[in-house]
Amino acid sequence: MRADPELLRDLIATTPGIVTRPVRGRPEAAIRAAEAVTGPLPRSFRWWLAEYGEGSLRGCPIATVDPGPGSGEPGLARDRPGGDRLWFFEDDDHERYGFALDRAADEEWPVVVHSPFTGEEQPFADSFAGFLTVWAALATGSGEGPNPAVARLWRATPGVRLPDGGTLYGPHTLRARNDAREVPASAPHWVLVGEDGGGAGLFMRRHGRDRSSLYRVPAGPLRGDLADGGELLSTDLFTWLDRPTGPGRPHGSDRPAGPDRPSGPANT
C-alpha cells in the first residue's frame, strides 16, 4: 500500500521528535546523482528528500543526499561494497536502520533494524513512509499499533483517506480521536480506527481473537458490545480497503495514492 502524502505531512508536522527543514528539499538532479552511486532509491524516501531534504528523529539525523561539506549531515551508506543494505539512520542506542535492497516491491524497499548488541536484524517497516509511521507510533506510546491489522497498515502508511471523505487514522491522530469519543472508558476492548464521511466511527477490537473485523458505529454514546449496535463492514480490514468499488476504496486508488517516483522534478 502506498503512503498518502497529505497524511504523511501531517504525521511529520505533528509528531514530537520529528524535526525537518522544508526549505532544504533536494533538487531532482541531486537525487539522481545519488542514485547513480546507490542505485534507485525507494519512492517514499525520494519524496522525503525532495520535500524536506534533511531531518532528524529525537536529535539523530536521517541520512540525506548531497549533504554538502561541513554540514554535519550523514550520507547514505552501504554495509559493504555491493552489499544489499543501505543504511540511513542510527538512533541513540546505536541501532541502525536501512533499506533491504534485496526485497524491493512496488518501487519501495522494506526497512530493517540491526542491533549492535545481538548482531541480529529484524524487519521494521514496509517502506520509509512506514518507518516514520512506526517510529512515531513507538515515540508517542502507541506501540506498533492498537491491534495487528492497524500495525500492519502503519508499517506502510500513516492512515488512509477514503473516497467518502472519511479517514483511517495514523498514530498522530488515533489517541486524540479515541479520547474525544471516550472510547477507553466506554468501550475499553475496542479502538476507534477511523471515521466515515457521514460522522460514524470505524471500530475494531483491541483485544480478543477477532481483531481483524471492521465495524461502523453511528455517532453518539457508546454502549454495550459495539458489534451488536454496529454494522459489520468486513471481517478483514485489508479486504475492505482493496475492494474495487464502494466505501472501502482508498482515496485516489485508481492512481498512485502516495509519494511517487517522478519523471521530472521530484514531487508527490
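Is Phe-89 buried or exposed, and what is its relative accessible area? Phe-89 is buried, at a relative accessible area of 4%; buried stands for under 20% relative accessible area, exposed for over 50% and partly exposed for what lies in between, with a 1.4 Å probe and protein chains only. Please keep in mind that this is a predicted model, in which local features need pLDDT of at least 70 and side-chain atom pairs count only at pLDDT 80 or more, while totals for chains, interfaces and linings use all residues. Residues are numbered from 1 along each chain as its sequence is written, and side-chain values use heavy atoms, leaving out hydrogens and water.

**Figure 1. The whole chain.** Let us start with the overview. The chain holds nine helices and 14 strands; these are DSSP runs numbered from the N terminus, with helices being H or I of at least four residues and strands E of at least two. Of its 268 residues, 48% count as buried. Taking the contacts (heavy atoms within 4.5 Å) between residues at least 6 apart in sequence, 51% join residues at least 24 apart.

Figure 2. A pair of aromatic rings is described by the distance of the centres and the angle of the planes. The search of the whole structure turns up 17 aromatic pairs. Phe-89 and Tyr-97 make a tilted pair, with 5.7 Å from centre to centre and 50 degrees between the planes. For such pairs, the rings of Phe, Tyr and Trp (its six-membered ring) must have centres within 6.5 Å; planes under 30 degrees apart are stacked, over 60 edge-to-face and the rest tilted. Tyr-97 is buried too, with a relative accessible area of 7%. Both residues belong to one aromatic cluster, whose members include Phe-45, Trp-47, Trp-48, Phe-128 and Phe-131.

**Figure 3. Helix 3 and its neighbours.** Helix 3 spans residues 43–51, and eight of its nine residues are buried. Among them are Arg-43, Arg-46, Trp-47 and Trp-48. The partners of these buried residues are helix 1 (5–14), strand 1 (18–20), helix 2 (28–38), strand 2 (55–57), strand 6 and helix 4. After the helix comes Gly-53, with a positive phi near 80 degrees.

**Figure 4. Helix 4 from cap to end.** Which residue caps the N-terminal end of helix 4? Ser-127 does, with a side-chain oxygen 3.5 Å from the backbone nitrogen of Ala-129. The helix runs over residues 128–139 and reaches 16 Å from its first C-alpha to its last, close to the 16 Å expected at 1.5 Å a residue; the expected span is 1.5 Å times one less than the number of residues. Because 10 of its 12 residues are buried, helix 4 is largely enclosed by the rest of the structure. Phe-128, Phe-131 and Trp-135 are among the buried ones. Gly-141 follows the helix, and its phi is positive, near 80 degrees.

**Figure 5. Gly-98 in strand 6.** Gly-98 lies in strand 6 (residues 96–100) and is buried at 0% relative accessibility. Val-111 is 13 residues away from Gly-98 in sequence, yet their C-alpha atoms are 5.4 Å apart in space. Leaving aside residues up to four places away in sequence, Gly-98 touches Leu-86, Trp-87, Phe-88, Pro-110, Val-111 and Val-112.

**Figure 6. Two serines in loops.** Ser-115 sits in the loop between strand 7 (111–114) and strand 8 (121–125) and is buried, with a relative accessible area of 11%. Its side chain reaches the backbone nitrogen of Thr-118 at 3.3 Å. Ser-213 belongs to the loop between strand 12 (201–205) and strand 13 (214–217), and is buried at 4% relative accessibility.

Figure 7. Most residues other than glycine have a negative phi. His-94, in the loop between strand 5 (85–90) and strand 6, has a positive phi of about 65 degrees. Glu-107 has a positive phi of about 60 degrees; Glu-107 lies in the loop between strand 6 and strand 7 and is partly exposed, at 35% relative accessible area.

Definitions and conventions: Polar contact = N/O pair within 3.5 Å; in protein donor to acceptor, adjacent residues only side chain to side chain.
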